[in-house]
Each structure stands twice: as structure tokens, then as C-alpha cells.
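Me: Before I rely on any label attached to this model, I would like to see each one set against its criterion. Could we go through them in turn?

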Amino acid sequence: MITEFSVQNFKSWEDTGKLRFAPLTGFFGANSSGKSSILQILLLLKQTAELAPHWNEPLYFGDQASLADLVSYGNVVHQPLGAPSLEFSISWALPQKLTIPDIYELDALSFCFNFYNTSVGRIRYQAREHVFESVPDGPNRWVTTAGGREPVQSLFRCYGIRGASPKTEFIFSKLEKAFESLFSRIHYLGPVREYPALTSAQVQLPAVDDQIPKWLQQLKLIYAYDFRPVNDAHQNLPFVGKADKRYECHVIQYEGGPEVRLKDVGFGVSQVLPVLNKCYHARKGDVLILEHPEAHLHPKAQSELADVLIDVVKNRNIQIIFESHSENLLIRLMRRMAEEKISTEDTALYSCQINNGTSEIEPLKIDDYGNISNWPQNFFGDEMGDLAAKASAEIKRRKADKQWR
């Protein structure tokens with residue numbers, strides 16, 4: 001699980017400061033306030049670890065097929081003429097202790113580096129008092145561990161080294177694998193989801209997939225559901241044995257309505273179904289990044305979706321990092337805190353805004369009873385202002401109408 005994160009000089013962010021990440025971490029704010037940029041940094045590091053075509057490419061900014069198509073350093077650096085470098089820092093709890101024989105046994109790691117144009121400056125791993133660091137020094141690069149300081153030939157992407165002593169390379173190989181393991185467990189769902197393919201509504205039973213139609217029912221998007229064996233020949237699907245028999249979910253959308261395949265229901269269902277699929281197919285210890293999970297849901301369903309997120313982080317031990325515009329989702333989270341269904345320690349919620357081209361972030365201060373003491377002005381619009389303006393307009397119109405009678 002990611003526990004802390006910070007960035008400097010990325011897009012609209014000059015400096016986020018250290019952000020606490022919890023099992024359920026959410027970012028709220030207006031469009032273009034910097035919410036998505038925070039998520040994009042995690043995606044940038046993920047695609048660097050998994051997809052960078054060259055080992056000596058420090059950061060892989062991606063292409064149109066990537067999770068984040070960021071083009072280049074010049075496209076993302078904040079105020080490129082004045083910014084010294086991009087700086088990222090991330091801390092996470094290890095799913096199991098990292099043992100380096102005869103040296104260390106680590107249960108958490110912090111990683112940070114800075115990057116200027118095509119060059120990586122400092123790389124630093126830290127676990128409590130243990131520091132593993134690689135820094136440039138004039139024309140050379142050095143690496144420092146508990147064993148001392150020694151020259152190193154080159155870097156492996158932005159998070160590893162090559163060309164040191166066997167012992168030092170062994171230590172860093174363990175750290176590199178821990179970094180790659182973290183990002184292999186991060187899964188992303190963007191704000192625009194494709195209409196589900198046939199197989200997205202097919203499952204093997206028994207499985208957690210049964211939770212998906214149950215939640216669709218709870219969200220009031222369907223009335224009833226049932227699983228039916230798939231006719232593989234009819235569906236033109238590869239043959240599967242009895243042990244692997246697939247089932248297709250059929251639903252009734254409203255009382256007295258016809259039974260249809262889950263794939264064939266309304267657009268709102270098609271947009272929330274990928275969210276539920278991510279939540280209930282992720283493995284224990286995974287990290288889900290969700291952009292606007294409430295997209296295309298009506299207000300009550302947005303509220304109920306908060307309960308989905310709580311269920312996943314509490315009962316499936318999965319971390320969820322999301323951005324949202326939904327007041328209904330936030331208010332349901334506040335209610336569940338008051339009801340002690342989730343604690344303030346298990347949540348980290350932030351408000352993002354932009355001033356003069358620079359993003360700013362503030363943690364929402366929520367007490368144990370679900371009250372926010374620093375609710376930003378017009379956070380979700382000016383509802384009271386609109387109602388007052390509407391009442392004023394009504395009075396004026398009624399006076400005018402009375403005069404013309």
C-alpha cells in the first residue's frame with residue numbers, strides 16, 4: 001500500500017508537499033485543478049517500470065497506447081524555463097518483508113529521485129535508518145550503501161543501477177524488484193469506459209463475481225439477476241471444459257421487465273460495470289486508481305458507490321486512489337465515518353484548486369463524526385446562492401405579473 005507521496009514541478013504542481021495516502025484516498029476539485037496530474041505521475045512510473053523500451057531510458061513518457069501519453073519532459077515540467085527539475089517521492093508498505101541475506105530485513109520503503117530533461121540526478125531508497133543512494137559527482141556517478149561509497153557505471157531507468165560491485169548490485173536488484181512489484185500491483189481505470197464486451201459479463205462460479213450484480217442491485221441499476229451457463233458454440237467462444245464452464249449474467253432492470261443479458265443494459269450500467277470489475281477482481285494488496293468512478297450514475301447511485309469503495313478497502317484489503325466531482329459520494333463517506341463504518345485513519349481526502357496557473361492542495365479535516373471543518377467555499381458549486389437568486393427572480397417576476405393583471 002502506498003503511504004506517502006509528493007511531487008515537485010510536474011505540470012501545474014510546483015510542490016504538493018508530503019501527502020498522506022490511506023487505504024481510501026480521494027481527490028476532489030474543479031476541472032484542471034491538478035487532480036488527474038497526481039494520478040498521472042503514478043501511471044508514468046508504472047509504465048516506466050513495465051513498458052520503457054530501453055533500460056537506459058529514465059522515464060517513459062508514453063504514446064497514444066500508454067496509460068499516460070505525456071509526450072516529453074518539456075510537456076510536463078512546471079514552468080520549464082525556471083524549474084530546476086522534476087522531483088518525485090513515494091513511500092509504501094511491502095506486502096511481505098524484503099530480506100537481503102546477512103544485511104537487512106525491510107517492511108517498508110521510500111523512494112525518491114529528481115530528473116532534469118534527459119538526466120537523472122539523485123536516486124534514493126530509504127528504509128528507516130538504512131539509506132541506499134546513487135548521485136552524480138562531476139563526470140562520475142557514485143552509489144552509497146552501508147558498505148561505503150563506490151563508483152557506478154550507469155543507471156537502470158530512474159530506479160536502479162548498473163556496473164557496481166556484485167554486493168551493491170545485489171542489494172539494488174532487490175530494491176528494483178520491490179519498486180517493480182509495487183507498480184505491477186497498480187491498476188488503472190480512466191474516466192471514459194468502453195461499452196462492455198460480451199465476455200465482461202461472463203464469469204466462472206463460484207467467485208467474487210457474484211458481488212458485481214449484487215452491487216448493481218444495491219445501486220438500483222437492476223431489479224434482479226441470475227447466472228446462466230454460456231453456450232460456447234453459440235457464442236463463438238473457445239471451448240472450455242466443465243471445470244472451466246463460464247456463466248453469463250442475465251438481469252431484469254425493473255419489476256415486471258424482460259430478462260436481458262447484463263451486456264445489453266443501459267449506458268450507466270456499462271460505465272459502472274468496469275469499476276465493479278476492477279474492485280472485485282483485484283487481488284489482496286493491489287492498488288486501484290479510479291478516475292471519476294461515479295461517471296454517468298444518478299445521484300443516489302453515486303452515494304451507494306461510496307459503500308462499494310468502503311467494502312473493497314475494508315473487506316478485500318485493496319487500496320483505492322480516486323478522483324471525483326461527486327458531492328453525493330463525499331457526503332456518504334462522511335456519514336459512514338460518523339457511523340464508524342470507516343475511520344478517518346483509513347481515509348485521506350483532499351481538495352485541489354488552481355491559482356495563477358499553480359495547483360494547490362489541502363487535506364480535508366474530518367473529525368471522528370464525519371464533519372469537515374475546512375470545507376472550501378463553493379466546493380461543489382453555490383447551491384444556496386442559486387436558491388437565493390432563484391427566489392429573488394421569482395419575487396421580481398410575480399410583482400411584474402401582478403402589475404400587468
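**Labels and their criteria**

Me: What makes strand β4 (residues 24-29) largely enclosed by the rest of the structure?

Reply: Six of the six residues of β4 are buried, so the strand is largely enclosed by the rest of the structure. Buried means under 20% relative accessible area, exposed over 50% and partly exposed in between, with a 1.4 Å probe and protein chains only; strands (E, at least two residues) and helices (H or I, at least four) are DSSP runs, numbered from the N terminus. Leu24, Gly26 and Phe28 point one way from β4 and Thr25, Phe27 and Gly29 the other way, and all are buried.

This is a predicted model, in which local features need pLDDT of at least 70 and side-chain atom pairs count only at pLDDT 80 or more, while totals for chains, interfaces and linings use all residues. Residues are numbered from 1 along each chain as its sequence is written, and side-chain values use heavy atoms, with hydrogens and water left out.

Me: How do you know that β4 pairs with β19 and β20?

Reply: Two strands pair if DSSP finds at least two bridges between them. Five bridges join β4 to β19 (residues 319-324), running parallel, and six join β4 to β20 (residues 347-355), also parallel. Threonine 25 stands opposite isoleucine 321 in β19, and phenylalanine 28 has serine 351 as its bridge partner in β20.

Me: Why is the contact between arginine 128 and aspartate 107 called a salt bridge?

Reply: The term requires a side-chain nitrogen of Lys or Arg within 4 Å of a carboxyl oxygen of Asp or Glu. Arginine 128 and aspartate 107 have an N to O distance of 3.2 Å, so the pair meets the definition. Arginine 128 lies in the loop between β7 (119-127) and β8 (130-137), and aspartate 107 in strand β6 (residues 104-116), 21 residues apart.

Me: Is arginine 128 buried or exposed, and what of aspartate 107?

Reply: At 60% relative accessibility, arginine 128 counts as exposed, whereas aspartate 107, at 31%, is partly exposed.

Me: Why is aspartate 286 called buried?

Reply: Its relative accessible area is 2%, so aspartate 286 is buried. Aspartate 286 also forms a salt bridge with arginine 283, the closest N and O atoms being 3.6 Å apart.

Me: What makes the salt bridge of lysine 314 and aspartate 346 a tie between parts of the chain?

Reply: The closest N and O atoms of this pair are 3.2 Å apart. Lysine 314 lies in helix α6 (residues 299-315) and aspartate 346 in the loop between α7 (327-338) and β20, so the pair ties together parts that are 32 residues apart in sequence.
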